Amino acid sequence: MGVLKGEDEVVELCSDLIRIDSTNAGDNAGPGERAAAEYVAEKLAEVGLSPRILERDSRRANVVARIEGTDPGRDALLVHGHLDVVPFNAGDWRHHPLSGEVAEGCVWGRGAVDMKDMDAMILAVVRQRLSEGRRPARDVVLAFTADEEAGGTYGAHWLTEEYAGLFEGCTEAIGEVGGFSVSIDEARRLYLIEAAEKGIAWMKLTAKGRAGHGSMLNDDNAVTELAEAVGRLGRHEWPVRLTPTVRAFLEEASAALSVEFDPEDAEATVAKLGPLARMIGAVLRNTVNPTMLSAGYKANVIPQTATAHVDGRFLPGYEEEFFATVDELLGPNVAREFVYHDIAVETSFEGPLVRAMAASLEAEDPGGRAVPYTLSGGTDLKAFSRLGIRGFGFAPLKLPADLDFSGMFHGVDERVPVDSLKFGVRVLDRFLDQC
Ligand SMILES: [Zn+2]
């Protein structure tokens, strides 16, 4: 095989991956990631790597491969992307979500931004570099995971528990939901690099009371008890807590937009940030949103039990405060249990890796500036961080000013500009030279 050009290959790789159905509906349902994993493994094997396909359950495949660096004394870098995508309703889309069609300058389909775009960029840059014989200085471990969209039970969490040895020597990582541009004006863009993630607490709440006839007096009604507790949680005004990453972001964004930053009134600052307000509003504080309610089976029967689900998210460093407040709001008569619970993560926005990300972005976009931000959701990084790895969201894309990028995650008409993919390949190539 001759020399491969990443910028030429990346669109086809992205389209191919989108055409492979790896929908993840949760609860181990769906076609699985096996076909996508085999595709990725073949592309890596073609340039001399020895990828391993690892499955916890039939068709729930992950791929891990290691590129040996030229300097064995250096710590390894993990580069990770997930292979699964969320479900879709094809009738709502302008181009079929499994078409991978290239139209209007974009690659269309489910996964085009979350995150088969980055998977394709990783493959493209690795294939080019290895076909040219350009190995990075440090070992680079590539991990393409299953099941990120349902919490990583068959993916990153399982891999890090059962195959920690594959990540030996990894101290730092890059992955998804960061590195994309937000336009300030024609000439200037901020590139948001994820340096922190909120933690997750999906909880089931249960109130137990005395069952009985709906016509009689009942001072121990489970539905009343639960409804009041859910109301208290949903209406609670959580205090603003400025974590180091959120503070750094507000300082940078305020300066770029010539807005005054008042740390004592962060909300007022956020309100002046325009489109950025939607992204950053949720990371000023812990949150709880009630999402499901269930009780009863007949209008004149008081049930013994009432349940609800809530989606809680806590900031790095504020988990204890979060649960203390939740328990206080629930009161003694409502029990909670976890449906899903995962940690918050945060790392400092400094050091050689951060400088390498910033420099490679700014070399390809002189009007760009890298800034750290906090993701209100979660990624596979949570699992990898348990191995002591500090990670960043860095899937570099220079985006047109008018593209509603954050609205495209799990959204309809998900698409990524072709030029953005090629930009990402060039940035990642520079980054691997410097990291
Ligand atoms: Zn994702």
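Leaving aside neighbours within four places in sequence, Thr 347 is in contact (heavy atoms within 4.5 Å) with Ala 195, Thr 245, Arg 390, Gly 391 and Phe 392. The coordinates belong to a predicted model, in which local features need pLDDT of at least 70 and side-chain atom pairs count only at pLDDT 80 or more, while totals for chains, interfaces and linings use all residues. Residues are numbered from 1 along each chain as its sequence is written, and side-chain values use heavy atoms, with hydrogens and water left out.

Thr 347 is located in the loop between strand 16 (345-346) and helix 10 (352-364); helices (H or I, at least four residues) and strands (E, at least two) are DSSP runs numbered from the N terminus. With a relative accessible area of 13%, Thr 347 is buried, the classes being buried under 20%, exposed over 50% and partly exposed in between (1.4 Å probe, protein chains only). The side chains of Thr 347 and Arg 390 form a polar contact at 2.8 Å. Such a contact is a pair of N or O atoms within 3.5 Å; within protein, one must be able to donate a hydrogen and the other to accept it, and residues adjacent in sequence count only if both atoms are side-chain atoms.

Arg 232, in helix 5 (residues 222-235), is partly exposed because its relative accessibility is 34%. Not counting residues up to four places away in sequence, Arg 232 touches Leu 329, Leu 330 and Gly 331. Its side chain reaches the backbone oxygen of Leu 329 at 2.6 Å.

Helix 1 (residues 6-19) packs with helix 2 (residues 34-45) at an angle of about 155 degrees, their axes lying 10 Å apart. Axes are lines fitted to C-alpha atoms, for helices over the stretch in contact, and angles run from 0 to 180 degrees between N-to-C directions. The two helices are therefore roughly antiparallel (an angle over 145 degrees). In this pairing, Glu 12, Leu 13, Asp 16 and Leu 17 of helix 1 meet Ala 36, Tyr 39, Val 40 and Lys 43 of helix 2.

The largest nonpolar core comprises 92 residues, and those with the most contacts inside it are Leu 44, Leu 142, Leu 250 and Phe 431. A nonpolar core is a set of buried Ala, Val, Leu, Ile, Met, Phe, Trp, Tyr and Cys residues joined through side-chain atoms within 4.5 Å. Helix 3 (residues 116-131) contributes the largest share of this core, 9 residues. Another core, of 21 residues, lies apart from it and includes Leu 205, Ala 207, Val 230 and Leu 233.

Technical notes:
Angles under 35 degrees count as roughly parallel, over 145 as roughly antiparallel, 65 to 115 as roughly perpendicular and the rest as oblique.
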